[in-house]
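Have a look at the model, then read on.

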Amino acid sequence: MPTSSASTTDSARPNSGGVQSLERAFDLLERMADAGGEVGLSELSASSGLPLPTIHRLMRTLVACGYVRQQPNRRYALGPRLIRLGESAARLLGTWARPYLARLVEETGETANMALLDGDEIVYVAQVPSKHSMRMFTEVGRRVLPHSTGVGKALLAGFPPEEVRALLYRTGMPAATEKTITTPDGFLAALEDVRRNGYAVDDNEQEVGVRCLAVSVPNSPTAAAISISGPAGRVTEAATDKIVPMLQQVAIELSEALATSTPTA
């Protein structure tokens with residue numbers, strides 16, 4: 001028995017080291033993403049607390065696998081091979097969300113959507129349409145700027161104001177309709193309303209005649225929001241009081257499912 005126990009312990013050690021290296025590699029990738037996608041080794045060492053030789057060894061492996069690339073300035077950037085993984089993960093996230101969106105459609109009667117923040121843009125990854133003949137369609141995969149959408153407001157409400165201003169500077173704030181918010185100060189004031197009320201509103205700002213209510217998905221592995229959209233004549237102020245609690249409850253349940261990796265079938 002002692003021999004067997006020692007053998008088991010010894011065989012577990014390499015696996016333990018491998019798991020630790022894997023955890024550290026993913027941590028470095030996430031730190032790179034948080035830093036904008038490009039960093040130096042010293043920055044990674046300072047933020048992670050890992051010694052430079054360890055980081056250098058991990059980065060060499062990630063470069064060899066195509067998940068990181070070394071720039072001419074010797075800094076490291078996220079590699080193109082991550083794009084395929086991200087696109088596949090986004091599609092799967094949308095698949096997992098569909099049963100939750102279907103519940104929203106059943107309970108509210110309006111079209112339900114899920115969207116992610118991808119770089120500076122909003123991308124819709126899932127939708128379940130309303131059964132009404134007059135309904136709002138958003139093509140899955142469609143990209144829009146955040147300032148004119150309810151999901152954009154819901155997502156950016158969790159960001160520091162200086163980061164929001166920087167994003168708006170990069171994208172600009174073109175008017176989709178006459179009700180679109182087109183100034184950074186106006187948009188930041190709208191985000192204050194989101195934080196205070198717990199939900200975001202797109203009131204004819206992306207498309208005339210369409211009103212949208214949105215909430216973020218708490219603790220999502222990537223910034224995500226869900227929404228319902230419909231004609232302004234149906235998604236009224238009175239309907240908001242009924243719809244928002246449903247949105248918030250479904251967002252919590254979706255968050256829990258994503259955290260446990262056991263989404264509803």
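## A first look around

The chain exposes about 14,100 Å², and carbon and sulfur atoms supply 55% of that area. Keep in mind that this is a predicted model. Of the chain's 265 residues, 42% count as buried. In terms of secondary structure, there are eight helices and nine strands. Take the contacts between residues at least 6 apart in sequence: 56% of them join residues at least 24 apart.

## Helix α3

Let's start with a helix. Helix α3 covers residues 52–65, and at 1.5 Å a residue its 14 residues should span 20 Å. The C-alpha atoms at its ends are 20 Å apart, so the expectation and the model agree.

Which residues of α3 are buried? They are Thr54, Ile55, Leu58, Met59 and Leu62. These residues cover an arc of only 125° around the axis, which means they sit on the same side of α3. Pro53 and Ala64, on the other side of α3, are exposed. Just after the helix comes glycine 66, with a positive phi of about 90°.

## Two sets of strands

Now for some strands. An open sheet is formed by three strands in the order β1-β3-β2, with antiparallel pairing. Its edge strands are β1 (38–39) and β2 (68–70), each of which pairs on one side only. Strand β3 (residues 76–78) is joined to β1 by two bridges, and these two run antiparallel. Within that pairing, glutamate 38 stands opposite alanine 77 in β3.

Four bridges join β7 to strand β8 (residues 210–216), and the two run antiparallel. Alanine 200 has alanine 214 of β8 standing opposite. The hairpin of β7 and β8 has six residues between the strands, and asparagine 204 in this hairpin takes a positive phi near 65°.

## A few residues up close

Here are some single residues and how accessible they are.

| Residue | Relative accessibility | Class |
|---|---|---|
| Cysteine 65 | 34% | partly exposed |
| Cysteine 212 | 6% | buried |
| Threonine 240 | 2% | buried |
| Proline 160 | 30% | partly exposed |

What about the cysteines? A disulfide is a covalent bond between the sulfur atoms of two cysteines. A search of the whole structure turns up zero disulfides. Cysteine 65 is partly exposed at 34%, while cysteine 212 is buried at 6%.

Where is threonine 240 found? It is in helix α8 (residues 237–260). Its relative accessibility is 2%, and the cut-off for buried is under 20%, so threonine 240 counts as buried. Setting aside neighbours within four places in sequence, threonine 240 is in contact with Tyr199, Arg211, Leu213 and Pro245. Of these, Arg211 and Leu213 fall within the residue range of β8, 210–216.

Last stop: proline 160, in the loop between α5 (150–156) and α6 (161–171). With a relative accessible area of 30%, proline 160 is partly exposed. Proline 160 and leucine 188 lie 28 residues apart in sequence, and their C-alpha atoms are 10.0 Å apart in space.

Conventions: Residues numbered from 1 in each chain as written. Predicted model: local features only at pLDDT ≥ 70, side-chain atom pairs only at ≥ 80, totals over all residues. Heavy atoms only, no water. Expected span 1.5 Å × (residues − 1). Buried < 20%, exposed > 50% of the residue type's maximum accessible area, 1.4 Å probe, protein only. Arc of directions from axis to C-beta. Disulfide = S-S within 2.5 Å. Contact = heavy atoms within 4.5 Å. Areas by Shrake-Rupley, 256 points an atom, 1.4 Å probe, with all protein chains shown as cover. Pairing = 2+ DSSP bridges.
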